[in-house]
Amino acid sequence: MKTLLSAITLATAAAATGSATAAPTFNFSFIAGTSMQAQQGFIAAAALWSSHLTDDVTINLTVGFNPLAPGILGQAQSAQQLYSYTDFRTGLAADASTMADATAVGHLPGGNSFGMLLNRTANSPNGAGSALPYLDNDGDANNRGVRITTAEAKAIGLGVMPQTLSNCIGTCDGFIQFSSNFTFDFNPNDGIALNAFDFVGVAAHEIGHTLGFISGVDILDINSSGTFFNDNQFTYVSGLDLFRYSADSAAQGVIDWTADTRNKYFSIDGGATPGPQFSTGTVHGDGRQASHWKDNLFIGLMDPTAGMGERLSISGNDLLAMDVIGWDVPAIPEPSTYAMLGAGLLLLGGRASRETKIFRKGTK
Ligand SMILES: [Zn+2]
């Protein structure tokens, strides 16, 4: 049986430096067998996020280090809660602190529901399970609810029902598992060994999912082969999904929540200005979970794969996404800064094995 080895509270970056600025506090519970190196790696990964975010919230995570399925470096399961779209938007508006927040909130649909391009539902007007996208703006359950991680809800300031997940120790906002089947480099500060994966970077990636970088399109994608469900059963639109567009959906003034291979992109102005692309799904999309940036485009930490020798870093794109879904991000790097990051990674040339070493977010 899994038992508690130790629980460590990470002092916030702010407390450590004596600054008055707030930052998230991460409380870790480590499952027995999680090495001290791995525990310290998680604490370092959490500190990366805490150095960028100023929300005064406490996030509880349980972490384990066990053998996982082949090709999976790590996976995260997040506690989630369903809110009305109106409460979510009202909360975001009250929490807005940056220009990007103002733009993002200003372009969210008014009223108590939002429309979307959707496909593969049992009640599609194009036929049950049809891959052909259709406009779903009938205002029923999936158009009126937003399901976000409890960590994100805390950042926004929404009321959160304490939860636990099946493998968590006590109340938790997320359960993160690492695969002990890989060689990891636990110290990114001197570069990542060419035969190893960046442990702190992968840990930060998994924490990123629990902070709210998720897409409910994965639920549609993995549950729509052979048997199909009505649109109103897919009450899994995430906060991030409200900024998920395609050229087709932007033309109709709605988000794109389809599972298919058309390009989907992040946009904070209702789809008018395309931002970085998203992955589109493991079953009906590009083979990567929709809860990620597009693979191999050097968009940011929330890219779905990692290569040996590759150091993973939080990018301006990652921070912008976190900002508009409810986190407080006082400083987002200029685009030129993260363009350089991509170039640097290309020069490293260590991404050969990316295709087989995939991150994965746990399915619910
Ligand atoms: Zn992931």
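Q: Before we start, what counts as a helix or a strand here?
A: Helices are DSSP runs of H or I with at least four residues, and strands are runs of E with at least two, numbered from the N terminus. The model is a predicted one.

Q: How many helices and strands are in the chain, then?
A: The chain has 11 helices and 16 strands.

Q: What share of the residues is buried?
A: Of the 364 residues in the chain, 52% are buried.

Q: Let us turn to the helices. At what angle do helix 2 and helix 7 cross?
A: The axes of helix 2, residues 36–50, and helix 7, residues 199–211, cross at roughly 55 degrees and come within 8 Å. Angles of 65 to 115 degrees count as roughly perpendicular and those under 35 as roughly parallel, so these two helices are oblique to each other.

Q: Is that crossing left-handed or right-handed?
A: The crossing of helix 2 and helix 7 is right-handed.

Q: Which residues meet there?
A: From helix 2, the residues include Phe42, Leu48 and Trp49; from helix 7, they include Phe199, Val200 and Ile207. The residues of this contact comprise 12 nonpolar, one polar and no charged.

Q: Changing topic, what is the strand order in the open sheet of three strands?
A: The order is 12-14-15, and the pairing is antiparallel. Strand 12 (244–245) and strand 15 (277–278) are the edge strands, each pairing on one side only.

Q: How many bridges join strand 14 to strand 15?
A: Two bridges join strand 14, residues 264–266, to strand 15. Lys264 has Phe278 in strand 15 as its bridge partner.

Methods:
Residues are numbered from 1 along each chain as its sequence is written. This is a predicted model: local features need pLDDT of at least 70, side-chain atom pairs count only at pLDDT 80 or more; totals for chains, interfaces and linings use all residues. Axes are lines fitted to C-alpha atoms, for helices over the stretch in contact, and angles run from 0 to 180 degrees between N-to-C directions. Angles under 35 degrees count as roughly parallel, over 145 as roughly antiparallel, 65 to 115 as roughly perpendicular and the rest as oblique. A crossing is left-handed if the near helix is turned anticlockwise from the far one by less than a right angle, and right-handed if clockwise. Two residues are in contact if their C-beta atoms, placed from the backbone, lie within 7 Å. Ala, Val, Leu, Ile, Met, Phe, Trp, Tyr, Cys and Pro count as nonpolar, Asp, Glu, Lys and Arg as charged, and the others, Gly among them, as polar. Two strands pair if DSSP finds at least two bridges between them. A residue is buried if 20 or more other C-beta atoms lie within 10 Å of its own, exposed if 12 or fewer, and partly exposed in between; C-beta atoms are placed from the backbone.
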